Amino acid sequence: MKVMSRLHTLMQSRFARNISILAGGTAFAQLVGLISLPFLTRIYTPEDFTILATYASILALLISIVCLRFEVAIPIPEELDDAVHLLVLSIISVISITLLTWFVVSVGETWINKQTNQRLEGYLWLLPIGVFFSGLYKALQYWVIREKVFSLVAKTRMTQAIASNTTQLALGFMGVTPFGLLFGQLLNSGAGCIRLIKYFIQEYKSILSQISVAKLKSVFGRYDRFPKYSTWEALTNSAGIQVPILIIATFTIGVEAGFLILAMRLLSMPMKLISKAVGQVYLAEAAEKYHKGELESFTRKTIVMLAKVGFFPLFLVCATAPLAIPFILGDGWQRTGVLISWMVPWFFIQFIASPISMSLHITNNQIIAMLLQVTGLVIRAGSVWVAGNYFNEWVGEVYAISSFVFYLLYLIVVIFLIKKNGKYQPVIK
C-alpha cells in the first residue's frame with residue numbers, strides 16, 4: 001500500500017504530467033507505425049528490411065555522436081547564457097560531423113560498399129543528409145526539453161511519424177524499393193526541425209546577440225567532459241546495439257538482420273511510448289533534484305513506476321508473439337515472433353535502466369558511463385561474433401541474451417552510483 005501510495009503521488013506530480021504530454025505524442029507516432037507495419041511487410045521483402053537494417057545502423061552510430069554530446073548538457077546549467085552557448089556548440093558539432101561524413105562517403109564509397117555486401121550501393125548519399133537533419137533536430141529538442149515545452153516535442157514526433165510512414169508506404173506502392181524504406185527512415189530521424197527552429201527564433205532571438213567566441217571557449221572548457229568522455233559513451237552504447245546488427249547483416253547467411261530489426265522495432269514501439277518520455281522528463285527534472293540533494297529518492301520512485309508499468313505488458317508479448325506475429329505481418333515473418341519472445345527480458349531491463357542512465361551525466365560520471373558502454377559493446381558484439389562463427393542459427397537469441405546481461409549490469413551500477421554521488425557538486429575547472 002505504501003508503494004502504491006507513493007506511485008499515486010508521483011503520477012499526480014508535474015513530472016508525471018510532463019511524461020503524459022511526451023507519451024501522448026509518442027503514442028500517436030507509434031500508433032501510426034503499428035498501423036503501417038502490416039502493409040510495409042507485405043510491400044517490402046525481408047531482404048529490403050535487411051538493407052534498411054544496414055543503413056539505419058550506420059546512421060544511428062553517426063547520430064549518437066553528431067552533437068559531440070553537448071546537447072545532453074543543455075538542460076543542466078542554471079544560467080540561460082551557458083545553455084545557449086551549449087546549443088551553439090552542438091550545432092557547430094553537427095555541421096562538422098556532417099561534412100566529415102560526406103567526405104568519408106565520397107572517398108570511401110567502394111570500400112563501404114564492399115564491407116556491406118553492396119547492400120548500400122547507390123544509397124550512401126542519404127547518410128550525410130540524415131546526419132545533418134537528425135543532429136539539428138537532436139540539438140534543438142534538448143533546448144526545448146530544457147525549457148520544458150514538452151508539447152512541442154510531442155508535436156514534432158507526430159510530424160516524424162506521419163512523414164516517415166507515409167513516404168515508406170507511398171514509395172513502396174510505387175515500387176520504389178528499398179529506397180522507400182531508407183528515405184522514410186531519414187525523415188523519421190530529422191523531420192520536425194522546421195517547427196523547432198521557428199520556436200527558437202520566435203522565443204529566443206534576442207539572446208543570439210549574446211553569443212561570443214570567448215564565451216564559447218569558456219563553456220567548452222567547463223563542459224569538455226561531454227565530448228571527451230560522453231561522446232565515447234554514446235558511441236559505444238549505440239555500437240553495442242548497431243554493430244551486432246551490422247555483423248549479422250554482413251556476415252550471416254540469409255536475412256536474419258531483417259527479422260531482427262523488425263522484432264526490435266515492434267518491441268521498441270510500446271517501450272518508447274513511456275521510456276523515452278520518462279528519460280527526457282527525468283533529465284529535465286533530475287537536474288533540479290540533484291541541486292536540491294533529492295536525486296536518489298526521485299530515481300527510486302522512477303524505477304518503481306517503470307517496473308510496474310512495464311512488467312505485465314511485456315510478459316503478455318513474450319507469451320503471444322510467436323503465434324500473433326505471422327498473423328499480423330504475414331507468413332514470411334515467423335522468425336520475428338520467435339526473436340521477440342527472446343528479447344522481452346532484455347527490453348524490460350532496458351526500459352528501466354535507460355531513463356535513469358542520464359543521472360550519470362548529471363552526477364558528472366561520464367567516464368564510468370563510457371566504461372559501461374565499452375563493456376556492453378564487448379559483451380554484445382563479441383557474443384554475436386562467436387555465435388555467427390560457431391552456431392549461426394542461434395545468433396539472434398545470443399544477441400538478446402547478451403543485451404539482457406549488459407543492461408542488468410548497467411542498472412546495478414547506476415543505482416550504486418546514485419546512492420554514492422547523488423548530492424550536488426558544481427562543475428569546476
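This is a predicted model: local features need pLDDT of at least 70, side-chain atom pairs count only at pLDDT 80 or more; totals for chains, interfaces and linings use all residues.
A residue is called buried when its relative accessible area is under 20%, exposed when that area is over 50%, and partly exposed in between.

A search of the whole structure finds ten of them. One joins E71 to R69, with the closest N and O atoms 3.6 Å apart. R69 has a relative accessible area of 9%, and because this value is under 20%, R69 counts as buried.

E71 takes part in a second salt bridge, with K138, where the closest N and O atoms are 3.7 Å apart. E71 belongs to helix α4 (residues 70-73) and K138 to helix α7 (residues 126-146), so this pair ties together parts that are 67 residues apart in sequence. K138 is also buried, because its relative accessible area is 15%.

Another salt bridge is formed by R335 and E256, whose closest N and O atoms are 2.8 Å apart. This pair links distant parts of the chain, since R335 lies in helix α15 (residues 334-356) and E256 in helix α13 (residues 256-292), 79 residues apart. E256 has a relative accessible area of 12%, and therefore it is buried. Salt bridges may also be joined into a network, as they are among D81, D82, K215 and R222.

Attention may now turn to the largest pocket, which holds about 600 Å³ of space. Of the 20 residues that line this pocket, I58, L61, W111, I112 and L246 are the closest to its centre. Four helices each supply at least two residues of the lining: α3 (46-65), α5 (80-107), α6 (109-115) and α12 (225-251). The largest share, six residues, comes from α12.

Most residues other than glycine have a negative phi, and most peptide bonds are trans. The peptide bond from T177 to P178 is cis, with omega near 0°. P178 is situated in the loop between α8 (150-173) and α9. The other two places are N117 and Q118. N117 is not a glycine, yet its phi is positive, near 55°. Q118, likewise not a glycine, has a positive phi of about 65°. N117 is located in the loop between α6 and α7, and Q118 is placed in the loop between α6 and α7 too. N117 is partly exposed because its relative accessible area is 43%, and Q118 is partly exposed because its value is 40%.

Helix α17 (residues 366-390) contains 25 residues and extends 36 Å from its first C-alpha to its last, close to the 36 Å expected at 1.5 Å a residue. Its buried residues are Q366, A369, M370, L372, Q373, G376, R380, A381, V384 and A387.

P38 is found in helix α2 (residues 14-43). Is P38 buried or exposed? With a relative accessibility of 19%, P38 counts as buried, because the cut-off is 20%. P38 and I325 are 287 residues apart in sequence, but their C-alpha atoms are 9.7 Å apart in space. Leaving aside residues up to four places away in sequence, P38 touches I328 and L329.

When residues up to four places away in sequence are set aside, N188 touches Q160 and S164. The C-alpha atoms of N188 and I248 are separated by 24 Å, and these two residues are 60 residues apart along the chain.

Key:
Residues are numbered from 1 along each chain as its sequence is written. Side-chain values use heavy atoms; hydrogens and water are left out. Contact means heavy atoms within 4.5 Å. The expected span of a helix is 1.5 Å times one less than its number of residues. Buried means under 20% relative accessible area, exposed over 50%, partly exposed in between (1.4 Å probe, protein chains only). On a 1 Å grid over the protein atoms alone, a cavity is a set of points where a 1.4 Å probe fits but cannot get out, and a pocket is an open set with protein on both sides within 12 Å along at least five of seven lines; lining residues have an atom within 4 Å of a point. Grid points are joined across faces, edges and corners, and a volume is the space filled by probe spheres set on the points. A salt bridge is a side-chain nitrogen of Lys or Arg within 4 Å of a carboxyl oxygen of Asp or Glu.
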